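Please look over the sequence and the fold before reading on.

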Amino acid sequence: MHRRQFLTSAAIAATLLAVAPAFADDSAKSVIEAYLAAWNAHDSAKAAGYFAEDVTYYDASVGTPVKGKEAAKACVEISAAREKIAA
């Protein structure tokens, strides 16, 4: 689980430069913490809200990067559903 959180954090950190201006006043750490809180709550819509429109999202359990906010959101939704089942 730590590897997934690390990879997720790295992906979010890599996209912070392209994040919507609404997050401009937030620190990188607070944005990542909010993303991880949404991820851990299995709130895929909120988690995906932190992605830029042109995000490239990589989920190690899938093994293939996806491009674009909607594709990344779908990937997060699938992962969240898997986590709920495993819980």
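What does the accessible surface of the protein come to, and what share of it belongs to carbon and sulfur atoms? The model is predicted, and its accessible surface is about 5200 Å². Carbon and sulfur atoms hold 59% of that area.

Start with the overall layout. The protein has four helices and two strands. Along the sequence they follow the pattern α-α-α-β-β-α. The chain has 87 residues, and 33% of them count as buried. Consider next the contacts between residues at least 6 apart in sequence. Of these, 41% join residues at least 24 apart.

Now the charged pairs. The structure holds two salt bridges. One of them joins Glu33 and Lys29, whose closest N and O atoms are 3.8 Å apart. Both residues sit in helix 2, which spans residues 28–40. They are four residues apart, so about one helical turn separates them. Glu33 counts as partly exposed because its relative accessibility is 45%, between the 20% and 50% limits. Lys29 has a relative accessible area of 58%, so it counts as exposed.

Glu53 and Lys69 form a salt bridge too, again with the closest N and O atoms 3.8 Å apart. Here the partners come from separate parts of the chain: Glu53 lies in the loop between helix 3 (44–48) and strand 1 (56–57), and Lys69 lies in helix 4 (residues 69–86). The pair therefore ties together parts that are 16 residues apart in sequence. Glu53 is exposed, at 60% relative accessibility.

Glu70 is also part of helix 4. Its relative accessibility is 60%, so Glu70 counts as exposed.

Turn to the inside. Which residues of the largest nonpolar core touch the most other members? They are Tyr35, Trp39, Ala47, Phe51, Tyr57, Ala72 and Val76, out of 15 residues in this core. Helix 2, helix 3 and helix 4 each supply at least two residues of the core. Helix 2 gives the most, with six residues.

Val76 shows how these parts meet. Leaving out residues up to four places away in sequence, Val76 touches Tyr35, Trp39, Ser44, Ala47, Phe51 and Tyr57. Ser44, one of these partners, belongs to helix 3. Ser44 is buried, because its relative accessible area of 14% is under 20%. Beyond its neighbours within four places in sequence, Ser44 is in contact with Val76, Glu77 and Ala80.

Is Ser79 buried or exposed? Ser79 is buried, with a relative accessible area of 1%. The residue is found in helix 4. What does its side chain contact there? The side chain of Ser79 makes a polar contact with the side chain of Asp59, at 2.6 Å. Setting aside neighbours within four places in sequence, Ser79 is in contact with Trp39 and Asp59.

The aromatic rings come last. A pair of aromatic rings is described by the distance of the centres and the angle of the planes. The structure holds four aromatic pairs. In one of them, the ring centres of Tyr35 and Tyr50 are 6.4 Å apart. Their planes stand at 90°, so the pair is edge-to-face. The cut-off for that label is over 60 degrees.

Tyr35 is buried, at 0% relative accessibility. Tyr50 counts as buried as well, at 11%.

Methods
Residues numbered from 1 in each chain as written. Predicted model: local features only at pLDDT ≥ 70, side-chain atom pairs only at ≥ 80, totals over all residues. Heavy atoms only, no water. Buried < 20%, exposed > 50% of the residue type's maximum accessible area, 1.4 Å probe, protein only. Contact = heavy atoms within 4.5 Å. Areas by Shrake-Rupley, 256 points an atom, 1.4 Å probe, with all protein chains shown as cover. Salt bridge = Lys/Arg side-chain N within 4 Å of Asp/Glu carboxyl O. Core = buried A, V, L, I, M, F, W, Y, C linked by side-chain atoms within 4.5 Å. Polar contact = N/O pair within 3.5 Å; in protein donor to acceptor, adjacent residues only side chain to side chain. Phe/Tyr/Trp six-rings, centres within 6.5 Å; stacked < 30°, edge-to-face > 60°.
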